[in-house]
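Here is a briefing on one protein model. Read it alongside the sequence and the coordinates.

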Amino acid sequence: MDFAKQVVKALEVPHTDEDVSSGLQFVSSDDLLPVPIEERTWTAFSYVAFWGSTSINVSTWMITSSMIVLGMSWWQAWLVIWIGYGVMTPFIVLAGRPGAVFHVTFPVVNRASFGIFGSLWCVFNRATMACIWYGVQSSIGGSCVLVMLRAIWPSVNNIPNTMPLSSGTNTRDFMCFIIFWIVSLPFIWPPVHKIRHFFTFKMIITLFACLIFMIWCIVKAKGVGPIVKQPATIHGSELAWAMISGIGVCISNMITLTTNAPDFGSRAKTPSAPVVSQFWSIPFSYGLICLFGVIVSSSSQTIYGETIWSPVDLLGKFLDDNPSNATRFGVWFIAFSFIIAQIGTNISANSVSAGCDLTALFPRFINIRRGGYISAIVGLVMCPWNLVSSSSRFSSYMSAYSVFLSAIAGVMVTEYWFVRKGHYNVSDLYVTRKGSWYWYNYGFNPRAYAAYVAGIAINVVGFAGDTGTPVPIAATQIFELSFFTGFGVSSIVYYILSWMFPVPGSGGVFAEIDVSGYEEKRPMTSCDEDTNSKDGSTEKA
C-alpha cells in the first residue's frame with residue numbers, strides 16, 4: 001500500500017501549495033489558477049506575432065482553392081477570406097476577454113457558465129478536437145519533411161516500401177511523419193508565457209519564405225498566371241450562397257482558436273494588449289497568406305499546365321527533372337520554413353489547448369506540458385494519414401465539432417458580457433461548495449446545458465445533409481451558417497433562461513471586477529522564481 005502511495009505521489013504534478021486537499025486537487029492546480037504577474041508577459045506585439053505565425057500553414061495557404069473551384073473569381077474568394085476572418089475577430093476578442101482580465105484559461109472560464117463539474121464535458125470536447133488536429137497537422141508536416149529531404153538527398157523518394165497495404169501509408173511517408181513528430185516534441189516543453197518568442201521567429205522566417213516562393217513562381221511563369229484573370233462562373237444567388245459557404249469554411253477554420261482565446265489571453269501583460277492588436281492582425285494575416293496561395297497557384301498553371309493548390313506538391317514538382325543546386329537549396333529553405341509553420345500551428349491551435357484541457361480533466365496528475373505531450377502521443381497512435389485520406393468523412397467530422405464548439409462559445413460569451421456583466425468570483429472557480437457562484441445544481445448549470453443543446457439542435461438536420469442524407473435546402477443553408485445559428489441560438493436561450501432563473505452574481509451594471517478579491521489575497525512571488533512556472537517547469541528535465 002505504501003508503495004502504491006509513493007507511485008501516486010511521484011505521478012502528481014508539482015503544486016505550489018502542498019497543503020491542498022486531494023478533494024480540491026480535483027478542481028485546482030498551479031496551471032488552473034490565475035497566471036502569476038511575472039508570467040503575464042504577452043504584449044500587443046506578441047499577439048500580432050501570434051496571429052501572423054498561426055495564419056501561415058499549409059491548410060490556410062490552400063483555403064481559397066475550394067472557393068475558386070466552386071466558380072468564384074480570385075478577388076471574390078479573397079474578399080470572402082477578409083469577410084470570414086474579419087467576422088470571427090470580434091468573437092475571438094469577446095471570448096478571450098475573461099482570460100485577459102482575470103488571467104484564467106478556457107477550462108476555468110467555462111466553469112463560470114457550465115458549472116464546476118458541468119464544464120468537464122465541454123473541456124473534453126475541445127481536448128478531443130485538439131488531439132485529432134495535432135495528428136492531422138503532423139501528417140501535413142511529414143509531407144513537408146519529405147520535400148525537404150528530397151532537396152538534400154533525391155534518392156529518399158525511392159525508399160522501398162516494407163509496410164503492409166493495411167497500414168494506409170508507406171515506409172517513406174511514415175519515416176517523414178515520425179521525423180516531424182520527433183522534431184516537434186521539444187517545442188512543447190517551454191511554458192506558454194515564453195513560447196511567444198518562437199511565434200515571433202516563425203512569423204519572420206515563414207513570411208520571408210512565402211514572399212520568396214511567390215516571387216520565384218512569378219519569375220518562372222513570367223507573370224502571375226491565368227487564375228487572377230479568370231472571371232467568376234457563377235452569379236446571383238448561387239454566387240451569394242457560395243460566398244456564404246466560403247465564409248463558413250473560414251469560420252470553421254477558426255472556431256477552435258476562438259475557444260482557445262482565454263488560454264493565450266491569460267498571459268496578457270495588460271487587458272488591452274489582445275484587443276486592438278487582434279482586430280487588425282487576424283484578418284490581415286490570413287488575407288495575406290491566402291493572397292500568396294492564389295498567386296503561387298495561378299503561376300503554377302502557366303508553369304505546369306495545371307493548377308497546383310498545395311504548396312508542398314508544387315515544391316515537389318520543382319524537384320522533378322534534375323533541378324539545379326540553386327533550385328534544390330530554394331526548395332529546401334521553403335520546405336524547412338513550412339515545417340516551422342506546421343510546428344507553430346500545432347502549438348498555438350492544438351498542444352497548448354489540449355494541455356490546458358487535460359489539466360482541467362486530471363489536475364492532480366497533468367499540467368499543460370504533460371497534456372501537450374499526451375496530445376502528441378494521441379496524434380501519433382490515431383494514424384492521422386488514414387483520417388486525412390478519407391477527406392469527406394474527415395470534413396463531416398470536423399463540421400460536427402464546429403457545431404458543438406459554437407454552442408459552447410455562445411453560452412460563454414453571453415455569460416460574461418450579458419448575464420454577469422463582467423462580474424467574476426475568482427475564488428469560487430476553485431471550490432466545490434454549495435452556495436458558491438459556480439456550484440449551481442451539484443456543479444452543473446442546467447441553463448447552460450439547455451442552451452447548448454438548443455444551439456446544436458438547430459443544426460442537426462443540416463449536419464445529416466452534410467453526411468449525404470437528403471434534407472430540405474433550408475436545412476443545408478442553415479448548416480452553412482452553423483456558427484452563427486449555433487452561437488446565436490445558444491446565446492439567446494441562455495440569456496432568457498438566466499433572466500427567468502437568475503444566477504448568483506448577476507451584474508446590474510457592466511464592470512469587470514473580481515468580487516472575491518483573489519488577486520489582493522494571493523501571495524506574491526518574486527520574478528527570480530520564474531523557473532517555478534505554472535506550466536510545470538519545476539519538473540526536472
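Buried means under 20% relative accessible area, exposed means over 50%, and partly exposed lies in between (1.4 Å probe, protein chains only). By that cut-off, nine of the nine residues of H6 are buried. This is a predicted model: local features need pLDDT of at least 70, side-chain atom pairs count only at pLDDT 80 or more, and totals for chains, interfaces and linings use all residues. Residues are numbered from 1 along each chain as its sequence is written, and side-chain values use heavy atoms, with hydrogens and water left out.

- Helices (H or I, at least four residues) and strands (E, at least two) are DSSP runs, numbered from the N terminus.
- The buried residues of H6 include Phe106, Pro107, Asn110, Arg111 and Phe114.
- Just after H6, Gly115 takes a positive phi of about 100°.
- H8 covers residues 171-184, which is 14 residues.
- From first C-alpha to last, H8 reaches 20 Å, close to the 20 Å expected at 1.5 Å a residue; the expected span is 1.5 Å times one less than the number of residues.
- Buried in H8 are Thr171, Arg172, Cys176, Phe177, Phe180, Trp181 and Ser184.
- Asn170 caps the N-terminal end of H8, with a side-chain oxygen 3.2 Å from the backbone nitrogen of Arg172.

- Most residues other than glycine have a negative phi.
- His103 has a positive phi of about 60°. His103 is in the loop between helix H5 (74-102) and helix H6 (106-114), and counts as buried at 6% relative accessibility.
- Asn322 has a positive phi near 50°. Asn322 is in the loop between helix H12 (311-318) and helix H13 (325-361), and is exposed at 77% relative accessible area.

**Cysteines**

- The whole structure holds zero disulfides, a disulfide being a pair of cysteine sulfur atoms within 2.5 Å.
- Cys217 is in no disulfide; the nearest cysteine sulfur, that of Cys210, is 11 Å away. Cys217 is buried at 0% relative accessibility.

**Aromatic pairs**

- The structure holds 44 aromatic pairs. Rings of Phe, Tyr and Trp (its six-membered ring) pair if their centres lie within 6.5 Å; planes under 30 degrees apart count as stacked, over 60 as edge-to-face and the rest as tilted.
- Phe91 and Phe483 pair edge-to-face, at 5.0 Å centre to centre and 85° between the planes.
- That pair links distant parts of the chain: Phe91 is in helix H5 and Phe483 in helix H20 (residues 482-500), 392 residues apart.
- Phe91 is buried at 16% relative accessibility, and Phe483 is buried at 5%.
- Phe187 and Phe198 have ring centres 4.9 Å apart and planes at 45°, so the pair is tilted.
- Phe187 lies in the loop between H8 and helix H9 (196-221) and Phe198 in helix H9, so the pair ties together parts 11 residues apart in sequence.
- Phe187 is partly exposed at 25%, whereas Phe198 is buried at 10%.
- Ring pairs link a cluster that includes Phe187, Phe198, Trp42, Trp51 and Phe264.

**Charges over rings**

- A charge sits over a ring if NZ of Lys or CZ of Arg is within 6 Å of the ring centre and within 35 degrees of the ring normal.
- Lys220 lies over the face of Phe318, 5.0 Å from the ring centre.
- The charged end of Arg369 sits over the ring of Trp189, 3.6 Å from its centre.

Key. A polar contact is a pair of N or O atoms within 3.5 Å; within protein, one must be able to donate a hydrogen and the other to accept it, and residues adjacent in sequence count only if both atoms are side-chain atoms.
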